[in-house]
Amino acid sequence: MGSKSNLKHGSSMVRKITQLSNDMDQETESASGNVGLNTYSVQIPKTPDNQPMAMDISLERSTSRRVEDQYASSSMFTGGFNQVTRAQLKDKVIESESSHPQMAGTKGSACAVPGCDGKVMNDERGLDLLPCDCGYKICRDCYRDSLRIGEGICPGCKEPYQEEQEMEEEAAHVVNQRESLPLSPSAGASKMERRLSLMKSGPLMRSQTNEFDHAQWLFETKGSYGYGNAVWPKDSEDDASSDWMGGDPNVFQEKAWRPLTRKLSISAAILSPYRLIILARMVILVFFLKWRVENPNDDALWLWSMSVVCEIWFAFSWLLDQLPKLFPINRVADLDVLKEKFETPSPTNPSGKSDLPGIDMFVSTADPEKEPPLVTANTILSILAADYPVEKLSCYVSDDGGSLLTFEAMAEAASFANLWVPFCRKHDIEPRNPESYFSLKRDPYKNKVRSDFVRDRRRVKREYDEFKVRINGLPDSIRRRADAYNAREEIKAMKLWREAENDEPMENLKIPKATWMADGTHWPGTWTHSAPEHSRSDHASIIQVMLKPPSDEPLSCTPSDSNAMDLTEVDIRLPILVYVSREKRPGYDHNKKAGAMNALVRASAIMSNGPFILNLDCDHYIYNSQALREGMCYMMDRDGDRICYVQFPQRFEGIDPSDRYANHNTVFFDVNMRALDGIQGPVYVGTGCLFRRTALYGFDPPRVQEEAASWFGSKKKKSSSVASVPEVGSEEDQSFRNGSIDDEEMITSLIPKKFGNSSLFVDSIRVAEFQGRPLADHPSIKNGRQPGALTLRRDLLDAATVAEAINVISCWYEDKTEWGDRVGWIYGSVTEDVVTGYRMHNRGWRSVYCVTKRDAFRGTAPINLTDRLHQVLRWATGSVEIFFSRNNALFANTRLKFLQRIAYLNVGIYPFTSIFLVVYCFLPALSLFSGQFIVQSLKVTFLVYLMGITVTLILLAALEIKWSGIELEEWWRNEQFWLIGGTSAHLAAVLQGLLKVVAGIEISFTLTSKSSGDDENDEYAELYLIKWSSLMILPITIMMVNLIAIAVAVSRTIYSDDRQWSSLLGGVFFSFWVLAHLYPFAKGLMGRRGRTPTIVFVWSALIAITISLLWVAIDPPSGQNQIGGSFQFP
């Protein structure tokens, strides 16, 4: 095979290495002459007699590689369609300076080469990276010149650089020590190939065969066994301290195994009556509808027929909503067990280094004018301060607007994190969003035991106030900077114009008004004054690492002065922070938020490849710093490999105390979602969701049945699992290229058609799948990994890696691929979140609902009536689109459980209830106007049925409140807004969806006039803001018509000779039912002090007059002094 190999430090497995054939490695492979060979490399795990040596570290992390890592982390990469990818080293990203060694733009010492003004690259600890032992300070460019031109001679000591020679000697020394082990040449292996070697031994693991493979762990002579990094000697009787390990690795299985999560069933004393009442109400509804159909009102068949149709639909809609609530459950995670398994010293992890998998955090923003940069910055700070291993956490911010304001706000946040994150770790601060923390209305000093807490808090508060001033002043700062640089450019252009003696007038000289960065270069994204290739829909891809990847070991610092914070016992490292703005070009459909999220998925896979992804909206922040750990408990527990995502409930701040418009959505998040958790899992709601990366890639869960079926037939279907992705260069890949694989499902899971043309991205899939497996610490875990496999050092970044990330976020990358169709976030709906979750459930995945004791995340929600209606309109429009698409649950296969199918079916159907709801809201008024009722008379049978339906509804509400923990007021607010939304936004969504599907016409509902309250400093001033929208017309009409109908009916009955009190009482009761539900809407129209726009009264008067005239035309007066039939003036 070969006689020379680079040994990678810390790996503990026998690994099969295949040579990649991508473009980046072709030159090296050609030189080594080993293209396409399948070889084997044995890596030596750490044991008591095989300790890591300094040479292992030098082999893996040479100075030149570390310099390249820091260069890639300090440069801004740009590129795109028909453009060359460029890397520009940034000495400065913001006006202010930062001293943190991970901050982009931090400067090292000056280069000592005469005539060079460059800076020496710093490592992640802030130390100069010096390639020679003499300590001569040399920048990256001069060092590369000395290697290329100066024959590797150090300009300081005039001696050759020893790095390459030492690496070869040390590698040979290691080979001599391990000469009994067959090694393979890996000089041509790429970085992703080294990553792949981490998990190539998967098929040999005990967790997959359910038997312990002794040969796999026999890596020493004399018959000693090792499990991971531990060695069991045969004669263990001599050592009393190791009796539990005595000579048999299987004893590890006898250790008490504790699950990471527990399922808490709801008390049968609550759940059994709840189910019984549901059944009873179903029976009552069946008999009631049967009685209604068999007993028509012959005097008003039109009224009876409309009411019966509506009631049948309401019963069907209630059934769709109620059936998925039959099996609610609660869950709880055990963080102590998580720490014990993954972060406690053990035989497989002697150092106690974190064995948790990595998490890539996504924050999405698009417009800094609508989404304030200060809010986004606070969200980023809460992520950077999360209680999760620093080296395992990465934060990616997607700026879909390509705004310099967002870029510099993010850089300011990274600079302030230098102080904020250590402060949170030192004093255990909660929440770790500075704006929320400093706004808490409770004693901040409670339960704080450190004597320096008061001083530290005051200093951080002072720094945060200055930070807010800088953030809020960024728009003016950017504008002034642009004006100054543009004025300079105009002067230069005018000078050149005069020197050229151009005959054309000076007015023809047009100089674009560019937007400038802090280092005096053009901003490659969107300019304030749009220009070609610099507008919101036309700009290049941008990637900038704001915070460089952290070091592998904790980093602390000593205070430089008496006023500085004492951080000698605090880890000051920060997670990697990356700014990403995908390329946009005219003529391409960029698919809004879903397209931006898919770009982040690909870029993060190239750069960090965390096996789990958690996405947050820019206005949602981490309220519980341990929320990530709680979510990871479910992913790492038994059968966790079948969980596609963990959904956290959405909690909101800034909502008015009465929650007038049900903004908290507690019925949905605490009732419906808990109930779905007992079936196949909650739906994905767009934010606060921890994804398994490979589930987003469109693969099936492990151990899934290979039978795909739907209600309309079934067919055999091969499972599309991660295992179906071939290794580049493998026999399977070669057979595909030769056309010998006929399986269509296999072909679609290969490189170009499904994932695009990035082989580096395709290779990352297997790595992410392996790292996302739970620990194989119990025989019941079928698809696990060995403990200690994720304690290795991270791979260093290099320019080629970031350049590949630029490639995968280009606007053309998704062409002719399955991105947005089967892979990633799904396109084609404004509610891409629900569709994405549905596709995963339809493939057989499960999801979990994680309700933490302390809210995991918090965000903001619109408390204004009009904004709330438009939010509901967007959700309902997405549901209508789902109903008319192939994502309708009617077409799901058998992997989707029946009750889960019912829940998704309800998602697409519920907006159509608005049609029947509007009709039913007018029925009381029509009944009062006509003097008729929906039944012939108020018989005892009708009243008994009505009483039974009402009582069972109240009992169900009481029991739901009991097992979910919500309050009665929250339940009633939800009922009120169900009718408000149903008579406004839902009906508009149905109209909008039908026009789009049938005629291809898209309509929008815009805001017009505004009227606000007097007190602008009121926290809830927005609640009283009146913004007129056409969505308000129908609810106003319903209220006015019912009020007029009540007045007319009461007057007519009082002065009538034949008083029909039964019809009056029935109609008035249902009218009051409608008006009671619309009360929050009416209250919202009144504003703070009855300030209502004139347009409201105009519309109301016109509609009321129109309906009155229409009624007079239908039922004209019988005499000259009569109005409406038998009514007469006294």
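## Helix H9 and its partners

Let's start where two helices touch: in this predicted model, Tyr274, Ile278, Arg281, Met282, Leu285, Phe288, Leu289, Arg292 and Val293 of H9 meet a set of H10 residues, namely Trp304, Ser307, Val308, Glu311, Ile312, Ala315, Trp318, Leu319 and Gln322. The axes of H9 and H10 (residues 301–322) lie 11 Å apart, and the packing angle is about 160°. Because angles over 145 degrees count as roughly antiparallel, H9 is described that way relative to H10. The crossing between H9 and H10 is left-handed.

H9, which spans residues 268–294, also packs against H30, which covers residues 940–964. Here the angle is about 155° and the axes are 9 Å apart, so H9 is roughly antiparallel to H30. Once again there is a left-handed crossing, this time of H9 and H30.

## The nonpolar cores

How many residues does the largest nonpolar core have? It has 147, and the members with the most contacts inside it are Ile543, Met607, Phe691, Tyr697 and Phe1081. At least three residues of this core come from each of two domains: domain 1 (65–107 + 356–498 + 509–551 + 564–701 + 758–824 + 852–861) and domain 2 (268–324 + 882–1014 + 1022–1114).

## Backbone features to check

Most residues other than glycine have a negative phi, and most peptide bonds are trans.

The peptide bond joining Glu430 and Pro431 is cis, with omega at about -10°. You will find Pro431 in the loop between helix H13 (404–427) and helix H14 (434–438).

Glu533, a residue other than glycine, has a positive phi near 70°. Glu533 sits in the loop that runs between helix H16 (474–499) and strand S11 (541–547). Is Glu533 buried, partly exposed or exposed? With a relative accessible area of 42%, Glu533 is partly exposed.

Lys592 is not a glycine either, yet its phi is positive, at about 50°.

Key: Residues are numbered from 1 along each chain as its sequence is written. This is a predicted model: local features need pLDDT of at least 70, side-chain atom pairs count only at pLDDT 80 or more; totals for chains, interfaces and linings use all residues. Side-chain values use heavy atoms; hydrogens and water are left out. A nonpolar core is a set of buried Ala, Val, Leu, Ile, Met, Phe, Trp, Tyr and Cys residues joined through side-chain atoms within 4.5 Å. Buried means under 20% relative accessible area, exposed over 50%, partly exposed in between (1.4 Å probe, protein chains only). Domain bounds come from an automatic or database domain assignment. Axes are lines fitted to C-alpha atoms, for helices over the stretch in contact, and angles run from 0 to 180 degrees between N-to-C directions. Helices (H or I, at least four residues) and strands (E, at least two) are DSSP runs, numbered from the N terminus. Angles under 35 degrees count as roughly parallel, over 145 as roughly antiparallel, 65 to 115 as roughly perpendicular and the rest as oblique. A crossing is left-handed if the near helix is turned anticlockwise from the far one by less than a right angle, and right-handed if clockwise. Contact means heavy atoms within 4.5 Å.
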